[in-house]
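Subject: Structure for your files

Hello,

Here is the structure for you to look over. My notes follow below it.

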Amino acid sequence: MTKMRVPVFLLLCWGCLGLLIYESYAFVHRTAPLQWFTALHGCTALALGMVAAYTLYERLHQSGAQSVVWPVGLIVVAGLDVGMQWYQGSDYLLSSLLQPFHVLAIALLIWRMTTIADKPTASYGEALLTHGAALIGVWGVAATWSPLVVVYADQYSGGDTLVGQGVTCLLAFVVSLVLTARRTIHTNVQHGVMLGVLFGIGVSQAVVSDSWRFLPLLLVTGLCFEGIRMWRPQAKRLSLIVCAAIWLLGYFATLHRTSIIAWDTTTWVGLCVLGICLAGVLSAVRMRPQEERR
Amino acid sequence: MTPIRIAQNLSLPRRLAQTLACPAVAHWLLMPAFVWFVGGLFLDGWAHNHGRVDNTFFTPWHAVFYSGYAAVAVVLALLVWGSWMRGEQWQRDLALPYRIAILAAPGFGMAGVADLWWHTTYGFESGIELLLSPPHLALATSMVFICLAPARTDDESRSMGARIPALLSVLCAWSIATFILQFNHPFGIVWPAQTRIGETGVSVGIVGNVFHFALTGLMGGWVLARRFAPGSLTVVLVVNALLIALMGDEYRFAVGIGAAAILCELLDVLLARQGVTMRMRVVVRAGALAGLSAAGYYAVIAVTGVLIWPVAVCAGLCVLSAGVAAATQAVLEN
């Protein structure tokens, strides 16, 4: 992609992501009418189509004829998504959100954004989109399960089912956080990107949930992570484990300060230990085949 | 691998110490001890899930579990003794995963004492509190470190037969992880057969399903990256499914996961013949295994009972699990 066109593309991507998050807001708050062809859906579909069309245009005009599979694939899948939703009727429930073509369209879009500039020389805006799109986009769309939007720890106790749900959601969030941080370390991206990503997810989740109480925690987590990266660039594992520990302990500290922790102490302490262990495993594991590792 | 030559004029203890220097000997010695140890864990879990325990620490199930630990500890102590007899220092001369396992063994013992104190002081938890209590997590973490030692010291150039202990090591570690995460395991609570769409239980089930199937996909990718023999993944997943089934008596899901694993192994053979790079194959296997194991799970429910969730949701979850596993796998390659 030519340098001149990058800002336009970035703008389109961010716009698309923003609209997806706003859709999530409508989903969580049930503020949108229960039809598929609403103005909101129209805007999102338009933005999505523009991203695909723009990429297609770029690729068709590039010398060397790069792959057009992604933009064409996205357009086809998005078309199938609209057709399927129209056929089934949107009920603004999980069956609409988890319709396979819908999942695939969003996944393709987010995947495209996360592969924009996977290199240390990328500009801050490019790096922010590359590293933040997955975290912000996935949790934006899956807000129903986000621990920053639906807080299970101050509502449910005793019943294994909903506590188990909350624990799994928190673990999933920690895993996504650690994986994002790990990727920023391994691609040696410039300082401040992870902080920007955490600010981005904090704001987007606050918009969806109407609650800004977790934003300071995310900023503190980002600052600590960036601090360790600057102070000890070699301490990669430590920075990831500390990032997970601060976030998990800070999450329950925030709940304790702003409302209550309804869970048994054993559960939330155990969850923090489990989350930190998981971060340790994720920071250490290498999936490459042995000969490549050598 | 060069066979170790043992001089015939050495005394018996010294000859034994020389024999223990061979990594394969340690691997094979640990195998039955691991079966005992991890078998004891699942036996205890079965007893808890079937109301076969009372409020005492000294149960027959704990006896099996902790005697399994003693067997593992004896083998690890033998390794330390062998190292000492050869005039080496185990802290320096043994492979790092074994050094960690040797340190984890007393760690497990201390966690066991802490567990006894915890139960005496705070009583006996049930459900999720039981799984997430700090002493139990410490026990599980030590167990994983101990059981992973043969897999982490495994040499991919060895014959398939010589790598059986490493495969068992993977099975043990994976089984311990799924045991601790059973509070939302799809084989334990079958949400797609119990809840209607729109209810809270559906969103509960969705998280558990995606989390576990994506994790299964990642494990499949890891097994492929370690170049285990074809069929290894199927064995690990089916045995693990049967062990988890002990908790809720849901043995039918072993068929679904087995079918998914076989399909993935066939897909991988096909990709290898096409000359696809190992990196790409690992990502594809992770995604395919996650998606197919989810599909196998819903298919088993539909065939053997009633699948209440809409087909669109089930299909969407297969795609979602596959996407999450493949993306995570790609990130973890670096």
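Which residues have the most contacts inside the largest nonpolar core? The model is a predicted one, and in it that core has 193 residues, with L109(A), V174(A), V178(A), A244(A), V72(B), I146(B) and I176(B) having the most contacts inside it. Helix α10 of chain B, residues 200-225, gives the core its largest share, 15 residues. As for A244(A), its contacts beyond the neighbours within four places in sequence are V174(A), L177(A), V178(A), G275(A), I276(A) and A279(A).

On chain B itself: there are 14 helices and zero strands. The C-alpha trace spans about 75 × 60 × 30 Å along its principal axes. The radius of gyration of chain B is 22 Å, which agrees with a compact globule, because 334 residues packed that way would give a value near 20 Å. Of these 334 residues, 49% count as buried. Among contacts in chain B with a separation of 6 or more, 74% are between residues 24 or more positions apart.

On the interface: 43 residues of chain B are in contact with 42 residues of chain A. On the chain B side, α6 (128-132), α7 (134-147), α10, α13 (278-304) and α14 (311-332) each supply at least two residues. The largest share, 13 residues, comes from α14(B). By class, this side of chain B has 25 nonpolar, 13 polar and five charged residues.

Regards

Notes
Residues are numbered from 1 along each chain as its sequence is written. Chains are lettered from A and ligands numbered from 1 in the order in which they are written. This is a predicted model: local features need pLDDT of at least 70, side-chain atom pairs count only at pLDDT 80 or more; totals for chains, interfaces and linings use all residues. Helices (H or I, at least four residues) and strands (E, at least two) are DSSP runs, numbered from the N terminus. The radius of gyration is taken over C-alpha atoms; the globule rule is 2.2 Å times the number of residues to the power 0.38. A residue is buried if 20 or more other C-beta atoms lie within 10 Å of its own, exposed if 12 or fewer, and partly exposed in between; C-beta atoms are placed from the backbone. Two residues are in contact if their C-beta atoms, placed from the backbone, lie within 7 Å. A nonpolar core is a set of buried Ala, Val, Leu, Ile, Met, Phe, Trp, Tyr and Cys residues joined through C-beta atoms within 7 Å. Ala, Val, Leu, Ile, Met, Phe, Trp, Tyr, Cys and Pro count as nonpolar, Asp, Glu, Lys and Arg as charged, and the others, Gly among them, as polar.
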